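Open the model in a viewer and keep the selection panel at hand. The tour goes through pockets and aromatic rings in turn.

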Amino acid sequence: IRTRFAPSPTGNLHIGSVRTALFSYLYARSQGGQFLLRIEDTDQKRTVEGAEENLVTVLNWAGISFDEGPHIGGMHGPYRQSERLALYQEQAKTLLDSGNAYYCFCSEERLESLRQKQEASKLPTRYDGHCRTLPAHEVLNLLKVKTPSVIRLKVQSGELVMFEDIVRGKMKFASDTIDDQVLLKSDGFPTYHLANVVDDHCMEVTHVIRGEEWLSSTPKHVLLYRAFGWKQPAFAHLPLILNSDRSKLSKRHGDSAVEDYIKKGYQKEELL
């Protein structure tokens with residue numbers, strides 16, 4: 001059994017994140033497994049200096065310890081996604097070679113125009129597959145002249161994507177509702193979906209325990225596991241911590257960061 005906690009270093013640690021880490025930690029410990037920390041920092045614009053060190057300090061305060069991570073090392077490192085870019089690029093090329101992904105050269109202007117038209121027609125906003133059928137010679141010519149491009153997953157229509165969620169039971173999604181998601185951005189950085197799946201596979205994670213806000217992303221991840229020919233982990237999506245009006249707990253409604261409770265003198269036993 002191997003579980004992980006994979007936060008983004010974008011600010012103070014939300015108490016919902018600590019609860020998710022706690023579930024992952026307790027499950028791994030109860031099964032005699034390993035628990036690892038991975039820092040998902042591919043969105044460099046949102047990364048806050050010192051946030052990684054702060055979250056490690058807060059988790060240590062809460063008594064949540066790791067077997068592997070950027071601050072202690074391990075056999076599956078590096079544990080910061082920004083240090084694993086070559087791996088993501090290599091795996092994206094694997095999907096291109098197998099025909100499960102394709103280059104998309106659409107400009108931001110075209111994508112914005114497409115989005116506006118779909119919204120005006122009250123249609124779901126999604127990519128229209130414009131570049132899916134570009135001839136190979138045209139793709140090569142565009143790449144030769146360094147036309148900006150992304151790599152998208154080729155989602156087949158008319159399929160049913162199913163997985164068993166430990167918390168929610170059997171989940172079903174129609175592939176027609178799933179976008180040809182971007183896997184690798186034009187700057188060579190992966191999207192969350194590609195990096196998440198590649199890392200969970202390469203780090204041998206057996207159980208992905210995370211908040212339910214990621215439930216809608218899971219069919220995309222299932223399709224990626226299929227495209228790679230990898231065994232997918234077990235999924236468990238935890239309900240969110242809510243305010244009294246059943247909205248998601250946020251700073252607008254009071255204390256949401258663990259640091260807020262520490263400053264007020266709470267002990268870790270009280271918070272946990």
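Which residues lie nearest the centre of the largest pocket? In this predicted model, select Pro7, Ser8, Ser17, Glu213 and Trp214: of the 41 residues that line the largest pocket, these lie nearest its centre. The volume of this pocket is about 1,100 Å³.

Next, colour the elements around the largest pocket. Strand S1 (2-5), helix H1 (15-30), H6 and S8 give two or more residues each to its lining. H1 gives the most, with four residues. If you colour the lining of the largest pocket by class, you get 14 nonpolar, 16 polar and 11 charged residues.

Tyr192 belongs to helix H6 (residues 192-202), while Trp214 sits in the loop between strand S8 (207-211) and helix H7 (218-228), so the pair ties together parts 22 residues apart in sequence. Are these side chains buried or exposed? Tyr192 is partly exposed, at a relative accessible area of 21%; Trp214 is also partly exposed, at 30%.

Now select Tyr261 and Tyr266. This aromatic pair is edge-to-face, with 5.2 Å centre to centre and 80° between the planes. Tyr261 counts as buried, at 15% relative accessibility, whereas Tyr266, at 35%, counts as partly exposed.

For a cluster of rings, select Tyr25, Phe35 and Phe66, which are linked by ring pairs. The model has eight aromatic pairs in total.

Then go to Tyr127 and show Arg152 with it. Arg152 lies over the face of the Tyr127 ring, at 3.8 Å from the ring centre.

The last stop is the second largest pocket. How much space lies in it? The figure is about 330 Å³. Select Cys106, Glu108, Leu111, Val150 and Ser186, the closest to its centre of the 14 residues that line the second largest pocket. Helix H4 (108-120) and strand S4 (150-153) each supply at least two residues of this lining. By class, the lining of the second largest pocket holds seven nonpolar, four polar and three charged residues.

Technical notes. Residues numbered from 1 in each chain as written. Predicted model: local features only at pLDDT ≥ 70, side-chain atom pairs only at ≥ 80, totals over all residues. Heavy atoms only, no water. Phe/Tyr/Trp six-rings, centres within 6.5 Å; stacked < 30°, edge-to-face > 60°. Buried < 20%, exposed > 50% of the residue type's maximum accessible area, 1.4 Å probe, protein only. Lys NZ or Arg CZ within 6 Å of the ring centre and 35° of its normal. 1 Å grid on protein atoms, 1.4 Å probe; cavity = no way out; pocket = protein on both sides within 12 Å on 5 of 7 lines; lining within 4 Å. Points joined across faces, edges and corners; volume = space filled by probe spheres on them. Nonpolar A, V, L, I, M, F, W, Y, C, P; charged D, E, K, R; others polar.
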